[in-house]
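Grab your viewer and work through these exercises with the model open. Try each one yourself before reading the solution.

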Amino acid sequence: MKFSVKNELLKRLFAAQGKPVSGQDIADEFGLSRTAIWKYIKELEEEGYEIGSLRKKGYYLIEIPDIVNQANIHEHLETKTYGQTIHYFKTCPTTQKIAHEEAQNGVEDGTLIISEEQTAGKGRLARPWTSNAGRGIWMSLIIRPNLAPQQAPQLTLVAAVAIVRAIEDITDIHPVIKWPNDILINNKKVTGILTELQADPDRIKAVILGMGINVNQDVTDFPEELQSIATSLKIEKGEEVDRAKLVAKILEYLEQYTSLYVEKGFAPIKLLWESYASITGKRVRANMVNETVEGVALGISAEGMLELQLADGSVRGIYSADIEV
Ligand code: BTN
């Protein structure tokens with residue numbers, strides 16, 4: 001976390017677990033006036049933190065707002081780099097665009113862009129992505145793995161496995177993955193992943209991993225046309241899920257699995273991915289830009305391609321398609 005007095009103040013309030021923290025002590029430590037500290041407290045209150053104060057004793061934390069800012073995520077985060085720097089927005093058109101700009105500006109590996117709401121969230125194939133305020137996790141992670149550009153598509157599968165594992169840990173729900181990047185619960189989509197690349201011909205400059213996770217929506221929060229095909233963790237579990245905790249867990253698995261992929265190749269990820277795959281052994285239709293093919297899904301290749309067995313017995317590798325089961 002970058003140093004700021006406000007963040008430091010918040011960290012002390014978190015650490016004190018509801019006990020008072022002396023404003024005077026903090027003022028002395030940072031060489032500031034007590035009024036300056038009081039102004040930071042007011043700013044935190046404006047962000048939604050409920051803070052009490054006791055004469056002569058100091059400030060204490062009463063309630064932490066349900067927001068996915070850096071401080072709340074860092075309360076749970078145990079990574080080396082992923083998410084150590086977080087750029088948080090209340091609203092923005094799409095975190096994907098901000099992440100592209102930040103990547104070009106040279107931000108470090110693992111910088112996270114996250115927003116409570118997106119007004120122009122985008123999905124694969126230029127589809128819109130519904131991103132209502134305060135209900136989901138809408139985030140784009142900028143990573144700079146030491147991989148060749150042709151190894152980037154597999155990162156989508158790495159991300160899918162990381163998100164499924166994190167959801168399992170935090171909620172005890174067991175989602176499945178529909179190739180390449182949809183995460184489903186009871187056949188409805190709970191998460192989408194959009195992987196974009198900034199690269200030279202022989203080198204990845206940055207990968208932007210865009211992740212949209214439906215967390216605390218009710219059915220009526222989805223547009224009518226999505227209500228039968230989309231779901232949220234709250235709908236499936238019957239209770240609200242702590243978004244900041246889930247973000248931290250996703251970042252931990254992402255960091256772990258990305259370095260596993262970089263160091264050991266795709267084989268260990270392939271095994272994990274296949275253990276969560278929903279379509280293996282099923283007859284599916286793969287809709288590609290210029291053609292549609294039908295076949296039985298055999299699994300994924302060593303490169304992460306979907307392998308379909310066609311009616312004539314031949315095996316066809318699919319790089320990119322929309323899959324209908
Ligand atoms: C899909 O079509 O399944 C991919 C959806 C990806 C949505 C996420 S939300 C955060 C990031 N910002 C966007 O505009 N899109 C991605």
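**Exercise 1.** In what order do the seven strands of the open sheet run?

*Solution.* A bit of housekeeping comes before the steps. This is a predicted model, where local features need pLDDT of at least 70 and side-chain atom pairs count only at pLDDT 80 or more, while totals for chains, interfaces and linings use all residues. Residues are numbered from 1 along each chain as its sequence is written.

Step 1: get the elements. Helices (H or I, at least four residues) and strands (E, at least two) are DSSP runs, numbered from the N terminus. Two strands pair if DSSP finds at least two bridges between them.

Step 2: read off the order, which is β3-β4-β5-β9-β8-β7-β6, with mixed pairing.

Step 3: check the ends. β3 (86–89) and β6 (176–178) are the edge strands, each pairing on one side only. From one strand to the next, the twist averages 20 degrees; axes here are lines fitted to C-alpha atoms, for helices over the stretch in contact, and angles run from 0 to 180 degrees between N-to-C directions.

**Exercise 2.** Describe the hairpin formed by β1 and β2.

*Solution.* Step 1: β1 (residues 50–54) and β2 (residues 58–63) pair in the antiparallel sense over five bridges. In one of these positions, I51 has L61 of β2 as its bridge partner.

Step 1: three residues sit between the two strands, and K56 in the turn has a positive phi of about 70 degrees.

**Exercise 3.** Which elements give two or more residues to the shell around the ligand?

*Solution.* Step 1: collect the shell. There are 20 residues around the ligand, the closest being T94, G123, G192, G210 and G212; a residue counts if its C-beta atom, placed from the backbone, lies within 6 Å.

Step 1: sort by element, and α5, β5, β8 and β9 come out with two or more residues.

Step 2: sort by class, giving six nonpolar, 11 polar and three charged residues. Gly counts as polar, and Asp, Glu, Lys and Arg as charged.
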